[in-house]
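Okay, thanks everyone, I'll keep this short. Let me put the structure up and then walk you through a couple of spots.

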Amino acid sequence: MTAAVAVVAALAFVVGCGGGSASGGGSAGAAGTVTVFAAASLTEAFTRLGRDFEASGGTAVVFNFAGSAALAAQVNQGAPADVFASAATRNMATVTGAGNADGDPVVFVRNQLVVAVPKGNPQGVAGLADLTRPGLKVALCAEQVPCGAAARTALDAASVAVTPVTLERDVRGALSKVRLGEVDAALVYRTDALAAAAEVTAVEFAESARAVNDYPIVVLRNAPNPGGARAFVAYVRSERGRAVLAGAGFRAP
């Protein structure tokens, strides 16, 4: 068992035994705990949905938020998870291709990039071309994760070559570099910039329309709690789920 799998298993055990803030109970045949592996960019929205799901009488939820590539690898290595929500279809395909999905994934939201800069945009960044300025420090996600692949698509569409000072494992890592003042700009999802609006300014750019990410979700084949997993996926796709996701800045598919 890998360290990541062991950590998730321990978390699921703690929450299932009544630890943390999760509430008990169940509905529609669901009980116990649902373990959800979700892209880092879903952190705020899914945390809210998890609380609402529990409060509505659903089973308890524990989340593992990280880069989609890392989560897909954990699933394929046998991590005890019930649901996988990816920030890109490519990473979901590694899970379905390994036979680890129970049914077909469904795209439930879309997201696209902005340039995140410190509040007030002190460097006057207006678009991707400004990221090439001498001395301007830029953070990008690594290309193997969805935010990095989207950034590469957008930069290529703009014919802009950016040399980042750091490549982060997920979008939260890139955003944190801006929030901490370690870089002048980062390419992140619109939803992440919105969640950090007190600290960063989001600069929109036209090429982001060429790099829209579809977010698929699926119940996993070896889910320890398949009933709870199906109930959670249904809740995410419900009217309430769509409203929370739209409020977080996600687009409907």
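So, to start: in which loop is Ser-159 found? It's the loop between α5, residues 146-157, and β7, residues 166-168. Bear in mind that what you're looking at is a predicted model.

Asn-121 sits in the loop between β5 (113-118) and β6 (138-141). What about its accessibility? Asn-121 comes out at 18%, and the cut-off for buried is under 20%, so Asn-121 counts as buried.

Okay, on to the helices. Take α3, residues 68-76, and α4, residues 89-97: their axes come within 9 Å and cross at roughly 5°. Anything under 35 degrees counts as roughly parallel, so that's what we call α3 relative to α4.

Who makes the contact? On the α3 side you've got Ser-68, Ala-69, Ala-72, Val-75 and Asn-76. From α4, it's Asn-91, Thr-94 and Val-95. Sort the residues of that contact by class and you get 4 nonpolar and 4 polar, with no charged residues between α3 and α4.

Technical notes:
Residues are numbered from 1 along each chain as its sequence is written. This is a predicted model: local features need pLDDT of at least 70, side-chain atom pairs count only at pLDDT 80 or more; totals for chains, interfaces and linings use all residues. Side-chain values use heavy atoms; hydrogens and water are left out. Axes are lines fitted to C-alpha atoms, for helices over the stretch in contact, and angles run from 0 to 180 degrees between N-to-C directions. Helices (H or I, at least four residues) and strands (E, at least two) are DSSP runs, numbered from the N terminus. Angles under 35 degrees count as roughly parallel, over 145 as roughly antiparallel, 65 to 115 as roughly perpendicular and the rest as oblique. Contact means heavy atoms within 4.5 Å. Ala, Val, Leu, Ile, Met, Phe, Trp, Tyr, Cys and Pro count as nonpolar, Asp, Glu, Lys and Arg as charged, and the others, Gly among them, as polar. Buried means under 20% relative accessible area, exposed over 50%, partly exposed in between (1.4 Å probe, protein chains only).
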